[in-house]
Number of protein chains: 4
Amino acid sequence: MARIGFIGLGNMGGPMARNLLAKGHEVAVFDLSEAALVAAETAGARRAESALAATEGTDVVLTMLPAGAHVEAVYLASTDQRCLLDQLAPGTLLLDCSTIAAETARSLAQAAAARGLIMLDAPVSGGVGGAEAGTLTFMVGGDGDALERARPVLEAMGKNIFHAGPAGAGQVAKMCNNMLLAVLMSGTAEALALGVREGLDPAVLSDIMKQSSGGNWALNGYNPYPGVMDGVPAARGYEGGFLVDLMLKDLGLALDAAARLGQSTPLGSLARSLYTLHKQGNSTATQDVGRLDFSSIQQLFLAPPA
Amino acid sequence: MARIGFIGLGNMGGPMARNLLAKGHEVAVFDLSEAALVAAETAGARRAESALAATEGTDVVLTMLPAGAHVEAVYLASTDQRCLLDQLAPGTLLLDCSTIAAETARSLAQAAAARGLIMLDAPVSGGVGGAEAGTLTFMVGGDGDALERARPVLEAMGKNIFHAGPAGAGQVAKMCNNMLLAVLMSGTAEALALGVREGLDPAVLSDIMKQSSGGNWALNGYNPYPGVMDGVPAARGYEGGFLVDLMLKDLGLALDAAARLGQSTPLGSLARSLYTLHKQGNSTATQDVGRLDFSSIQQLFLAPPA
Amino acid sequence: MARIGFIGLGNMGGPMARNLLAKGHEVAVFDLSEAALVAAETAGARRAESALAATEGTDVVLTMLPAGAHVEAVYLASTDQRCLLDQLAPGTLLLDCSTIAAETARSLAQAAAARGLIMLDAPVSGGVGGAEAGTLTFMVGGDGDALERARPVLEAMGKNIFHAGPAGAGQVAKMCNNMLLAVLMSGTAEALALGVREGLDPAVLSDIMKQSSGGNWALNGYNPYPGVMDGVPAARGYEGGFLVDLMLKDLGLALDAAARLGQSTPLGSLARSLYTLHKQGNSTATQDVGRLDFSSIQQLFLAPPA
Amino acid sequence: MARIGFIGLGNMGGPMARNLLAKGHEVAVFDLSEAALVAAETAGARRAESALAATEGTDVVLTMLPAGAHVEAVYLASTDQRCLLDQLAPGTLLLDCSTIAAETARSLAQAAAARGLIMLDAPVSGGVGGAEAGTLTFMVGGDGDALERARPVLEAMGKNIFHAGPAGAGQVAKMCNNMLLAVLMSGTAEALALGVREGLDPAVLSDIMKQSSGGNWALNGYNPYPGVMDGVPAARGYEGGFLVDLMLKDLGLALDAAARLGQSTPLGSLARSLYTLHKQGNSTATQDVGRLDFSSIQQLFLAPPA
């Protein structure tokens, strides 16, 4: 069993920490939210009053934070002229499960290696549901041996663990996957709307395309058209799920990387334009579309009132 | 067993007619190509010298033609002041397996019904391979009872038979599916190219996305990146398969319908722009990209020579 | 002075016919609308009860109709086994001022030539205002000598007369211009919305861009942002002007031609997708955005309510 | 006459400094390039060995640098625990003529104000030609009184001086203008290519659209189609002019701002995708399309070899 310093107890981090505890790992936690700390303590964690304090006596540090700036702040911001990386014991394994830019992940891994530490980028997919059920997918970038060392920790929280390549590769895999997902979802919504406009039953059309060459993750198990599938966000007014704002964040990571590399991403770029139009056009004074599930892009393609 | 008049013995129609014969149906054939007629005759068909002659004494007429104009010409063009529809016995079942505009399919079905004939639109997916193996998918529009009557004929040529809805609905399902397919394929190619540009192995990235939310028909079984998958067009210089020109034709059907209806299809439209750029930019005096498989869109996203 | 048979007295055709009369031409008119006929008669035209009757004793036939199908119907539909073209005196000059597909214009010109008639395609720009003021722009396709013969007639209705090339070239020039115009207008609206979102005054930003490399017809004289310019549709709730529905029609002509030729038009295609989204998303049970001026695309880019 | 510390003597900065000298201003210069320093010295400038040294005894500091990171480095990087801003005399006027993110410009202006300094963002348009001729356009963000103080300096280098609004507004105006310019140029290239494909003479079509509603800066004076206009990059193989790489940089600034604000920019995004495809697809081992003029986007739309 590992001794783990866990930093970031949000919607994802909270249940991930609980799953680590449930599998018998020793977990010290830090978060800015008192409520999150209390909940983790109740589940058996040791609460700490700072990120540094959470890492004392641990051999694994796990971060699960909203964006690259937070991750850099935790590892690199100086307190007493020394940053967290300066104060960890050599050989400590760092697992950053946040979704951040691949470039940032690479420079953090370098900064860690320069201090005798080992860092893996290990962003997840599977959402809050997967975090709670312990069925997350991890896309891991970094050294293969380090991944083997991390495996028992990751397996306590997830089901599929992929080694994507060297440092940063986990973030690359995630951003490519999610950019493609945005295209699948908006393309599916567009095709369903056209079929319905032409008089087809969306459930019949979905069934045909699923078994044909139009089959894809969005259509097959996360149908965006209301009334076609039970238990998906489209069945409950697009509440919950994977938020439009998070999809926009992930598209930003992919498109920023593409721009930096001079790689053309016309469909991903258009998907971002459409998600942004969706949020701008369908938000109202009382509803922020950014807080809806990303399958709500279906709304953009619905016909005007007759 | 049915007596079938079969009109149109191209790359698809030829093997479809042979499968009908192999299952014991009685088939009379017509085509403008002497070679195609000879081949069908060798396989056991009765050859006819005109479309009308092929339909004599049959209870089913099947058309498999390149475009709507050909289908209209066969059924509606006048010879001796009467068109083919005027000369068929009431109750004859017409199966048009061509891929044409839904609007044309609907007006043909109306013209048939006005003469006591029953018409189904039944476009296929599965390509030449599926036609030869008898594993085509049929997307059928029209009356449900007529579909039951057609089922033994269709089952001699295909595996999956979907009832999409009333007249024209088969064409709608196919155009929606293929528009979505163009989006899946180009989105997949774009995501793979970005990942490779960032240093990932395309096979590793493909494997990760297949098992994540990026999974889709193009990625899972028809990978466009050379070297990732065996037995697909990408493994043989994009020869054969489903041609870029055919994808452009199908996109045209979908986008024309969308324009007529005032339905926005930004991703399908962009996919057509990209396929057209691909054909324009990568064709040379000796190679017409339109004759390559549609997964060759991958080439559009490859980095320039270093 | 010419003797002119004028067919099609709509919003454009009505004032055009009046300008011909005002310049002393002899005009016989036909339209399906009794009101339009009465108005033209009041202005001094001879009313006719059919297209054929309107052309009797004339040396010029002018058509101003909504779409290609109407133009084909007027010239090619048979009555008594003969179409209008069959019944005109050899040497009659045909001026089709409708906006139709270049392909249709070419085949009509051929059909006319085969009967010893001379046809020019001469679509206009300038809108209802230009039609009333007699300041239309004509883009003319066809023989140069015929254009000289037509010039006095065209000059009675317009100010700029361009010879675009052979038959059909007038339609090509118009569709290219209007496709570009859709791009200018939506690009201008998008840029203004971004600047305003960043805190700029739209009038100041417009003024800067007009005098810089962003200057264009839409920005310079037809500003889409409400409150920047007087006397434009944006100053009156986008009422009147050049309707979204007409822009969609013209985009359809350009994109259909591009698809037929295998020419990629990504920006024109996106503009159509955006105009269609605009119409779908902003129309309500009581307002059809298709009836608003095309500068109303600005609404698509406005921020959600704060 | 002002005493000016001028930092950044590149393709733009070099001629700008020379124009200041020519108008009698006292100029001290710094650049990392020895050759640039020598050239400025020859023109009458005092050369300095550091940015700080260049600002000694001056009342105006002018920076003309490639990107935001360079500007931040000059003003904010610490040497001896103090950055340049800490060492300037209160009341010094800072003119940053670089093209950088509006956000960066705003935070620099704040940092300057906190130290009793006055900063204006004053990016330019007009290119190297305008810099040499002293006919640049300045788009200025910041205090209006400070702009009046800066005016004699700016007028020594340019012709049009616009006050766009408060700090950062100059950068906003420039990025909006250049995003729109990318749309104008690619839209114009697309429309010309379609017309030519339909048989029109590009010069005739250009002439018609210039005088119609398709008129815009790119078409009117910077025609991208080879052979239409003399003296433009299209007339010399797209050498020189405003580079594709610089347009991509400016599009990046606009699209990053739009993403940060949640403002949809579909046409600007597509223009970036097209410029990137152009660079990727048309670059070869010996030619980097990024070094060609941005009107070379015309190449993307040319038909394949016949």
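## Domains of chain A

In this predicted model, the C-alpha centres of domain 1 and domain 2 of chain A lie 30 Å apart. Domain 1 of chain A covers residues 3–166, while domain 2 of chain A covers residues 173–301.

The two domains also meet, with nine residues of domain 1 of chain A in contact with 10 residues of domain 2 of chain A. On the side that belongs to domain 1 of chain A, this contact is made up of six nonpolar and three polar residues, with no charged residues.

## The contact between chains A and B

Chain A and chain B each bring 55 residues to the contact between them. On the side of chain A, the elements that give two or more residues include two strands, strand 8 (136–141) and strand 9 (158–165), together with helices such as helix 10 (202–210) and helix 12 (244–261). Helix 9 of chain A gives the most to this side, with 19 residues.

Sorted by class, the residues of chain A that touch chain B comprise 31 nonpolar, 20 polar and four charged.

## Gln171 in helix 9 of chain A

Gln171(A) is a residue of helix 9 of chain A, the element that gives the most residues to the side of chain A that touches chain B. Gln171(A) is buried, because 30 other C-beta atoms lie within 10 Å, and a residue counts as buried when there are 20 or more of them.

Leaving aside residues up to four places away in sequence, Gln171(A) touches Ile100(A), Ala101(A), Ala102(A), Ala105(A), Asp121(A), Pro123(A) and Gly141(A). Phe30(A), on the other hand, stands 141 residues from Gln171(A) along the chain, and the C-alpha atoms of these two residues are separated by 24 Å.

## Helix 13 of chain B

Helix 13 of chain B runs over residues 266–282, and its 17 residues reach 24 Å from the first C-alpha to the last, which is close to the 24 Å expected at 1.5 Å a residue. Of these 17 residues, 16 are buried, so helix 13 of chain B is largely enclosed by the rest of the structure.

## How chains C and D are related

The same surface serves both copies, as 100% of the contact residues of chain D recur in chain C.

Key
Residues numbered from 1 in each chain as written. Chains lettered and ligands numbered in written order. Predicted model: local features only at pLDDT ≥ 70, side-chain atom pairs only at ≥ 80, totals over all residues. Domains from an automatic or database assignment. Contact = placed C-beta atoms within 7 Å. Nonpolar A, V, L, I, M, F, W, Y, C, P; charged D, E, K, R; others polar. Helix = DSSP H or I, 4+ residues; strand = E, 2+ residues; numbered from the N terminus. Expected span 1.5 Å × (residues − 1). Buried ≥ 20, exposed ≤ 12 C-beta atoms within 10 Å, placed from the backbone.
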